[in-house]
Amino acid sequence: MFDPFAEALHSPGPIGELAEKLNLYGRFVGAWTFDASRHLEDGMVLTGRGEVHFGWVLEGRAIQDVWILPARNTGSQPSLGKWTFYGTTLRVYDPPADAWHIFWSDPRNQYFSRQLGRAEGDMIVQVGADGTGSSVRWSFSRITEDSFRWLGERSHDDGATWRLEVEFLARRANEVRNER
């Protein structure tokens with residue numbers, strides 16, 4: 001079935017003149033599974049298995065992803081409690097700033113965040129705020145061709161201290177790599 005919206009959104013790869021810079025997130029294009037841990041303030045840890053899909057969009061000028069917890073093929077996961085999400089991130093590169101504008105939307109939970117992302121050594125660090133006024137820091141580390149670690153941290157004192165809230169350990173879902 002032909003879907004004009006999907007055709008207009010999806011791109012086969014990065015736009016040529018920005019390809020090297022766009023690969024900061026472009027290397028994640030494809031399907032992944034992840035083991036998730038949420039660290040509650042009372043010390044309890046919720047765990048489960050999720051999925052994430054990254055793809056080129058908007059003429060190859062941006063990366064969009066969809067994060068799903070629990071994964072659609074796992075059924076109910078009681079270890080997650082009420083912690084579930086089904087959201088999307090739009091990541092748009094800004095050449096003059098040499099940074100990425102990042103917009104997260106989770107309509108299921110009405111949770112939204114805007115951040116600015118940059119490479120920091122061998123990591124990617126995104127810093128911004130969410131709708132509650134809290135500072136958030138999301139980061140990708142331990143990045144290989146087939147795995148990465150993603151951390152979500154929150155600060156209630158404008159970034160002086162950070163508390164780990166979420167950790168995702170991701171693996172490529174299949175051996176076939178998407179062309180970039």
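Q: Where is the place of Ser135 in this predicted model?
A: Ser135 sits in strand S8, which covers residues 135–141.

Q: Why is Ser135 called buried?
A: The relative accessible area of Ser135 is 16%. Buried means under 20%, so Ser135 counts as buried.

Q: What does Ser135 touch, not counting residues up to four places away in sequence?
A: Ser135 touches Gly128, Ala129, Glu153, Arg154, Ser155, Asp158, Gly159 and Trp162. A contact means heavy atoms within 4.5 Å.

Q: How many residues apart in sequence are Ser135 and Gln115, and what is the C-alpha to C-alpha distance?
A: Ser135 and Gln115 are 20 residues apart in sequence, and their C-alpha atoms are 9.5 Å apart in space.

Q: What makes Ser37 buried or exposed?
A: Ser37, in strand S1, has a relative accessible area of 19%. The cut-off for buried is under 20%, so Ser37 is buried. Not counting residues up to four places away in sequence, Ser37 touches Val45, Leu46, Thr47, Trp83, Glu165, Val166 and Glu167.

Q: How many residues line the largest pocket, and which are the closest to its centre?
A: The largest pocket holds about 540 Å³ of space. It is lined by 24 residues, and the closest to its centre are Arg38, Trp83, Phe85, Tyr111 and Val166.

Q: Which element gives the largest share of the lining of the largest pocket?
A: Strand S10 (163–172) is one of the elements that give two or more residues to this lining. S10 gives the largest share, 4 residues.

Q: How do the residues of that lining divide into nonpolar, polar and charged?
A: The lining of the largest pocket has 10 nonpolar, 6 polar and 8 charged residues.

Notes:
Residues numbered from 1 in each chain as written. Predicted model: local features only at pLDDT ≥ 70, side-chain atom pairs only at ≥ 80, totals over all residues. Heavy atoms only, no water. 1 Å grid on protein atoms, 1.4 Å probe; cavity = no way out; pocket = protein on both sides within 12 Å on 5 of 7 lines; lining within 4 Å. Points joined across faces, edges and corners; volume = space filled by probe spheres on them. Nonpolar A, V, L, I, M, F, W, Y, C, P; charged D, E, K, R; others polar. Buried < 20%, exposed > 50% of the residue type's maximum accessible area, 1.4 Å probe, protein only.
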